[in-house]
Amino acid sequence: MAVAVASEKKVRALGSERLREALVGYGFIALPMAFFLVFFIFPIGYAFYISRYDWEIFKGPFIGWDNYRELYHDSVFWRHAVRNTLVYTAFVVPLQMALGLSLAVVVNQAIRFRTFFRAAFYFPSLASSAAIVSIATYILASDGLLNSFLGNLGYHHTKAWFSQENTALPSIIGLNAWTTAGTMMLFYLASLQAIPTEVYEAAAIDGAGAWRTFRKITFPLLKPGHFFVAVVSVIGALQMFDQSFIVGGTSGGPNYSTMTVVLYLFNRAFSGTARFGYAATVGLVLFVFIFAVTLIQRLLFGKAEVA
Amino acid sequence: MRKRFAGPALLAVVVVVAAILSAGSQAMTDRGKGPERVAKSAVTTVSLNGWVGAKVEDDLLKEVIAAFERSHPNIKVNYDAFNNYQTTMLAKFSARKPPDVLYVVAEDFADWVRQGVLQPLDSYAKKSKFKSKPFYGGLLNSFKYKGKIYGYPKDWSSLAMEVNPALMGGQPVPKTWAQLRSVAQKIKVAGGKPICLQADWARLMAWVYQAGGNGQFKSANSAAFRTAANFYVGLLRDGLATLPTDVGASWCGEAFGKEKVAIAFEGNWMLGYLKDTFPNLRYSLAPMPKGKTRGNLAFTVSYSMAKDSKNKAAAWTLLSWLTGKTGMKKWTSLGFALPTRSDVKPVAGRGAFVKYPQFTHGWGNQVDFRHVWTEVANNELTAVVQGKESVNDMLSKIAAAAH
């Protein structure tokens, strides 16, 4: 009897302990969850709601899937905004990753002034993109630093890089690969330091050279890092807006060459007739696309993440 | 460990809940208090919104507002300026919490009034005997929609021809298109070109008017548009004119100041800029050259009233004072912009801008204007200037995009 009472007490104590633990857990996530619901989930749902209306500044009539149908046939969206965004992503992501990885490997070595280099390489990522693009506008001007440098090398380029249809987007690609490489370096540095040193010691004993060690050990063991960096940089690239906005204003010029999906979304909402419903449709299509791409990336890298 | 965190975590929950509850009750008490507060005090607060301008202009506007408040002790003006003006105003309209009085640039006007966010002012003007006669007709038309007035122009500028005599090589100041071309052929500018032109319809459209066109993007297929575009693009293609970006400038004002061009076509905004940035530059102003006829663009901004304004009577008092003779005189006294009323004289040296008001046409006031202008028309013009498209293809694409 006494034993039974004691165990019952224990159970009750355990129960209240678990309740307490649960409360504490919910307490911890309450604030972030509230933010997540209010600022992410609710706007996504509301954007979907708006996208089904002919919504200008104020709510208009319900039009079902008409906005989606119109977007499907919108040639500027597909031929310029989507195309430029995909081209931008296809170039900037590998560039960022390669640059980030190289920088990470370099500053992971026991070199002199290592901390200085880490900070220096990360620095461009801290500066505001608007400031960087504004400065780049001067460097890439027709009589700017780059053109006079190229001139000294005997290659005469006399046009402003942002003003020409064929050089505007590549200029932004180069610029962004440079500015974001620092962030990618930081991510890679973290995963580099997670690789156990024993593996390298074993490789050294087996007589593997530096390049071979990198190719056979470092690179494959960085797979979780690759996944994370790829996801982050693809999402960022698909959302490119500010550089285009500063270079060409709302025009996405010269001749649509810097028009991106998000700039197109912005324009439909805020330039000319304010079509909030149509802009929401563009936003949702972009959301679904980014979601799908991230899922595919997860499937491709999935196994490594477990390992 | 677990216990140490339990306190703060629970506190966080309490704070969130309390914040939500208090926000709700705050809103409710505000709603309850609203009318009461107005009734209690005789002073009405009118909100006035504009965009961020140069500091000197901002200071002048604050002086103008202070003068209004002195003569109207029962109205207090709450002035606010925004950087992303269009975006901010659209959000405010959409939330039905717009300012009482606001700037509207003619480029946004038709889209905003069509969506019902601006207040027609005719009945207010009639009641207070506010006359629209003194305003230049071309400017007032920029804020008329279907016969009603939705704003009075607060200031404006047209374009003029700026000439740098040191670079003209003794050539006379051209008065017609033909003279402009022949003079340009005789000028040599070291490291630049005789003329600066921008790949922007906010300049080219003046030439369309000079060719006898009507300035409506939907008429882009007409002969006047073709004549003007061919002449304008021809100057660039034949090396008589340059884009500012090709001589290391971001706009023609900068190219002119850096003496990379002898001739530019800009507005009143150029004068203050040149004085501040290139104080030693000597130049003269002349009217725009004449084509088939005279033609010029007027860039203008109105003071308008929001339809959802809660203080319309006081808002009208402010609006009509600002655009009236007294307010206008004060606001244009330093020459940052030109007065829109014929009964207020502009400061000295602005003759080239105001010489032919009957040939000056408002820029804007077309539906979906910003979209057609910046996205379609300017991108197509850039393609034409860079030799990637013909003038005719550009014009038919613009006509198709405008409705």
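How many helices and strands are there in chain B, and which of its parts touch chain A?

Reply: This is a predicted model, in which local features need a pLDDT of at least 70 and side-chain atom pairs count only at pLDDT 80 or more, while totals for chains, interfaces and linings use all residues. Residues are numbered from 1 along each chain as its sequence is written, and chains are lettered from A and ligands numbered from 1 in the order in which they are written.

Chain B has 16 helices and 12 strands, where helices (H or I, at least four residues) and strands (E, at least two) are DSSP runs numbered from the N terminus.

Turning to the side that touches the other chain, 34 residues of chain B are in contact with 33 residues of chain A, a contact being two residues whose C-beta atoms, placed from the backbone, lie within 7 Å. At least two residues of this side come from each of helix 1 (2-40), helix 3 (85-94) and helix 15 (369-385) of chain B, and helix 15 of chain B gives the most, with 10 residues.

Some caution belongs here, since pLDDT is the predictor's confidence in each residue, from 0 to 100. Chain B averages a pLDDT of 89, and 90% of the residues score at least 70, yet over residues 1-40 of chain B the pLDDT is below 50, and this stretch has 17 contacts in the model beyond near neighbours in sequence. For the model, the scores are ipTM 0.82 and pTM 0.85.
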